[in-house]
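Keep the sequence and the 3D view open as you read.

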Amino acid sequence: MKLADNKATLSFSNGSPSVEMPVYQGNIGPDVIDIRKLYAQTGMFTYDPGFLSTASCQSGITYIDGDKGELLYRGYPIEQLATNVDYLDTCHLLLKGELPNESERTDFHKLVTNHTMVNEQMQFFLRGFRRDAHPMAVLTGLVGALSAFYHDSTDINNPEHREIAAIRLIAKMPTLVAMAYKYGVGQPFMYPQNDLSYSGNFLRMMFGTPCEEYKVNPVIERAMDRIFILHADHEQNASTSTVRLCGSSGTNPFAAIAAGVACLWGPAHGGANEACLNMLEDIQRQGGVSKVGQFMEQVKDKNSGVKLMGFGHRVYKNYDPRAKLMQETCNEVLEALGLENDPLFKLAKQLEKIALEDDYFVQRKLYPNVDFYSGIVQRAIGIPVNLFTGIFALARTVGWIAQLNEMIGDPEYKIGRPRQLFTGSVKRDVKPLNQR
Ligand code: SDX
């Protein structure tokens with residue numbers, strides 16, 4: 001980061017001495033005020049719950065311009081990546097900073113393919129769960145359990161360990177997600193097939209059975225791959241920040257990624273795709289498009305606690321570019337499957353139209369985000385609603401690892417340890433029981 005030709009001066013109305021702080025600028029995006037010495041100089045902390053105005057790190061991986069609705073992975077616009085490369089190329093880009101050339105691409109694809117199997121013992125972890133366990137509970141457990149099998153790659157400060165752990169996690173997430181699904185439906189696990197693409201292999205592990213040959217549908221394969229690309233990374237979102245904070249203690253990469261899986265599960269974050277599909281199905285059950293007006297009134301009534309799931313974003317104050325691409329993918333898949341008249345897709349488009357014309361949403365700059373259409377296309381592919389966030393976790397694993405490795409590789413990194421504004425009881429003495 002570069003020192004800007006600007007400084008920040010903090011002055012106090014009570015006559016305390018003012019403090020000067022350096023300002024740094026990135027290559028694009030907002031400058032930052034370096035407050036690292038603030039506590040030492042003033043005895044005060046900054047206060048920013050939810051981190052609305054806080055940069056937690058410097059990063060060169062993903063850039064979001066919320067006002068323009070722009071998303072770049074290592075400088076490449078998401079629109080170009082979603083149409084010109086595949087997910088494993090995107091993984092190479094996020095991890096290493098560049099798209100692979102022909103030979104790098106062949107080697108990387110082969111390396112990942114050769115790590116897609118999990119240890120045979122992993123299947124016994126699943127047996128501890130009820131068959132109707134939520135797949136995200138299963139995945140959180142399985143990803144954390146991986147660290148028990150790879151003692152040769154748990155030293156996060158060893159670059160070779162970080163490299164092989166990254167490949168293992170990217171390669172094994174599809175296998176684990178498919179195992180969580182198969183366990184839930186009571187079908188046998190399918191082993192990876194090395195002559196299939198990353199996405200084709202995932203589809204076969206999900207929907208194939210040992211009883212017959214599984215034919216990968218190229219339209220669905222391409223759609224799945226695009227869904228993975230769109231979810232691969234997204235700057236310092238809640239789960240990525242969780243992975244960074246967890247990894248900053250020096251724990252192994254598998255444990256840090258398991259923490260990211262757990263955080264992503266929340267409905268305000270990656271769980272929104274499942275919540276959005278459930279919301280659409282509820283409206284459809286109550287009468288569909290004719291009930292949209294009534295539903296929107298509920299959303300605008302603060303006391304209802306009802307939100308339009310899949311809408312709004314901390315950073316995007318314009319259309320989430322991923323939502324546009326997801327809507328296109330939705331169209332393609334529904335057409336390919338002869339589901340053009342899918343009622344939920346029609347309902348979602350009606351909801352979007354009404355919201356984008358409604359003052360409540362316009363004023364608050366609430367637009368569809370990545371989760372608004374992703375559930376509809378996943379449902380059309382045959383993925384159960386409770387697995388949508390598992391698909392998100394599968395795709396985001398590469399972003400989490402890239403961000404974790406970037407942090408560990410930053411000589412300035414320290415264990416993350418925020419402070420607080422204490423509003424509890426001041427010091428007091430314990431009274432004997434008969435005086436309490
Ligand atoms: C993801 O951070 C990332 O990058 C995340 C993500 C990624 O790729 O990692 O992009 C993935 O998590 C996308 C977001 C998925 N979540 C949802 O779709 C859940 C519904 N959305 C909201 O919960 C909300 O929009 C958040 C959590 C996404 C953002 O919340 P903020 O930034 O804290 O904004 P806010 O809650 O303060 O909202 C500002 C105003 C409030 O109204 P007022 O108090 O100003 O009157 O907008 C309202 C909110 O009530 N609002 C909504 C709304 N989202 C915000 N009102 C109705 N429906 C919504 N969806």
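The points below go topic by topic, from the ligand to the strands, the cysteines and some single residues.

This is a predicted model. A ligand sits among 24 surrounding residues. The structure holds zero disulfides.

**The ligand and its surroundings**

- Which residues are closest to the ligand? They are H234, H313, R314, R322 and R396.
- How much of the ligand's area does the protein bury? On its own the ligand exposes 1,100 Å², and the protein buries 75% of that.

- Strand β1 covers residues 2–10, and strand β2 covers residues 19–25.
- β1 and β2 run antiparallel and are joined by six bridges.
- To find this pairing in the 3D view, look for K7, which stands opposite P22 in β2.
- β2 also pairs with strand β3, which is made of residues 32–33.
- Two bridges join β2 and β3, and the two strands run antiparallel.
- Y24 has V32 in β3 as its bridge partner.
- β2 and β3 form a hairpin, with six residues between them.
- G29 lies in the turn of that hairpin and has a positive phi of about 90°.
- In a regular strand, side chains alternate between the two faces of the sheet.

**The sheet of β4, β5 and β6**

- What is the order of the strands in this open sheet? It runs β4-β5-β6, and the pairing is antiparallel.
- β4 (62–65) and β6 (76–77) are the edge strands. Each has a single partner strand, so one side of each has no neighbour in the sheet.
- Strand β5 consists of residues 70–73 and is joined to β4 by four bridges.
- Y63 stands opposite L72 in β5.

- A disulfide needs two cysteine sulfur atoms within 2.5 Å.
- C91 is in no disulfide: the nearest cysteine sulfur belongs to C57, 20 Å away.
- Is C91 buried or exposed? C91 is buried, with a relative accessible area of 0%.
- C276 is in no disulfide either, and the nearest cysteine sulfur, that of C330, is 10 Å away.
- C276 is buried too, because its relative accessibility is 1%.

- Most residues other than glycine have a negative phi.
- F51 is not a glycine, but its phi is positive, near 55°.
- Where is F51? It is found in the loop between α1 (38–42) and β4.
- F51 counts as exposed, at 55% relative accessibility.
- E235 is not a glycine either, and it has a positive phi of about 60°.
- The loop that holds E235 runs between α9 (218–230) and α10 (238–247).
- E235 is partly exposed, with a relative accessible area of 26%.

**Two distances across the model**

- Q298 belongs to helix α13, which spans residues 292–300.
- Q298 is partly exposed, at 41% relative accessible area.
- N318 has its place in the loop between α13 and α14 (321–336).
- N318 is partly exposed, with a relative accessible area of 26%.
- From N318 to F124 the C-alpha distance is 46 Å, and the pair is 194 residues apart in sequence.

Terms used
Residues are numbered from 1 along each chain as its sequence is written. This is a predicted model: local features need pLDDT of at least 70, side-chain atom pairs count only at pLDDT 80 or more; totals for chains, interfaces and linings use all residues. Side-chain values use heavy atoms; hydrogens and water are left out. Buried means under 20% relative accessible area, exposed over 50%, partly exposed in between (1.4 Å probe, protein chains only). A residue is near a molecule or strand if one of its heavy atoms lies within 4 Å of it. Accessible areas come from the Shrake-Rupley method with a 1.4 Å probe; for residues, only the protein chains shown count as cover. Two strands pair if DSSP finds at least two bridges between them.
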